[in-house]
Amino acid sequence: MYALARSILFRLDAETAHGHALTALDLAHRLKLAGRLGGKRIDDPVELMGLRFPNRVGLAAGLDKNADHLDALGALGFGFVEVGTVTPRPQEGNPKPRLFRLPERGAIINRMGFNNAGVEHLVERVKATRFDGVIGINIGKNLTTPVEHAVEDYLLCLEKVHAHADYVAVNISSPNTPGLRNLQFGEHLDALLGTLREAGSRLDQASGRRVPLAVKIAPDMSEEEVGLVATSIATNEMDAVIATNTTIARDAVVGLPHANEQGGLSGRPVFEASSQVIRALRRHLPQLPIIGVGGIDSGEAARAKLEAGADLVQLYTGFIYRGPALVGECAATLKAYRGLE
């Protein structure tokens, strides 16, 4: 069924098809058909970050920026769904076109630019959800906020979403907001994470509810750079790391249509780069939960992320190409793999 739907959707430009697909999924959910698309959720519970995940397969941030489709997506068998990236104020994002398929490599290039309806809208949507899995909320800064004041945007978002998120992901690795990746290193990173840790602890104490903080990092780092980031993550007592965001590298897609478009490349070409970062993180942070994302388009690819050192995985581009069946395939493969350990 999905193969037929994809053949139709792929005749449209990528962003238009994305909107139509989510609208159709919402309709299927209202008709109580969404569960049939992905199959029954695989029961493979695991406790990480003080949270109970129904299974190890999640949806990565970016697909549902505003949490407008959270119930429908959750019905496809995901153990957790991460919504956002959300910013304090609504913003349009970058000019269109800004989303491009590279089907020869199972890849996508995007330069969306944190297009979203703002944190107030997202909070209202999360408050209304009936999804019973883990909900992560991914936060970022507005384009017009100078990098030196970025912490103010992150703090505002954290304060707004804290009561409604199971965990909060701090996005410092999108290549589509100028200067954002500078926050990944040195004093910038320590200052940001230290401030967010302090604020998160204060909010936890006031609410009587602990909300873990995760950091989403880029794949375009050397071993030494990963080590420095890992040190900052540990020093500032982050609860998890998400590895990784999209890549700015183009080596794997040279010569293909759209390969020279600006933006972040996701899908199969980023698989090994993200896995290398996961391996390095695991060496530096042997106990910290790692969420592996990047190029997962099969159950075996999901298993490879766990073998590299991840505890959980997230889907995005593979989900676009493979459809809802990929969720159950990955969850079943990881359940079998963990059963062998």
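Helix α4 (70–74) provides the largest share of the lining of the second largest pocket, four residues; helices here are DSSP runs of H or I with at least four residues, strands are runs of E with at least two, and both are numbered from the N terminus. The model is a predicted one, in which local features need pLDDT of at least 70 and side-chain atom pairs count only at pLDDT 80 or more, while totals for chains, interfaces and linings use all residues. Residues are numbered from 1 along each chain as its sequence is written, and side-chain values use heavy atoms, with hydrogens and water left out.

On a 1 Å grid over the protein atoms alone, a pocket is an open set of points with protein on both sides within 12 Å along at least five of seven lines, and a lining residue has an atom within 4 Å of a point. The second largest pocket holds about 380 Å³ of space, and of the 19 residues that line this pocket, His 29, Leu 70, Asp 71, Ala 72 and Phe 131 are the closest to its centre. Both α2 and α4 supply at least two residues of this lining. By class, the lining has six nonpolar, five polar and eight charged residues, where Ala, Val, Leu, Ile, Met, Phe, Trp, Tyr, Cys and Pro count as nonpolar, Asp, Glu, Lys and Arg as charged, and the others, Gly among them, as polar.

Ile 217 stands opposite Ala 243 of β10, and Ile 242 stands opposite Ile 291 of β12.

In a regular strand, side chains alternate between the two faces of the sheet. In β10, Ala 240 and Ile 242 point one way and Val 241 and Ala 243 the other way, and all are buried (under 20% relative accessible area, with a 1.4 Å probe and protein chains only).

How values were computed:
Buried means under 20% relative accessible area, exposed over 50%, partly exposed in between (1.4 Å probe, protein chains only). Two strands pair if DSSP finds at least two bridges between them. On a 1 Å grid over the protein atoms alone, a cavity is a set of points where a 1.4 Å probe fits but cannot get out, and a pocket is an open set with protein on both sides within 12 Å along at least five of seven lines; lining residues have an atom within 4 Å of a point. Grid points are joined across faces, edges and corners, and a volume is the space filled by probe spheres set on the points.
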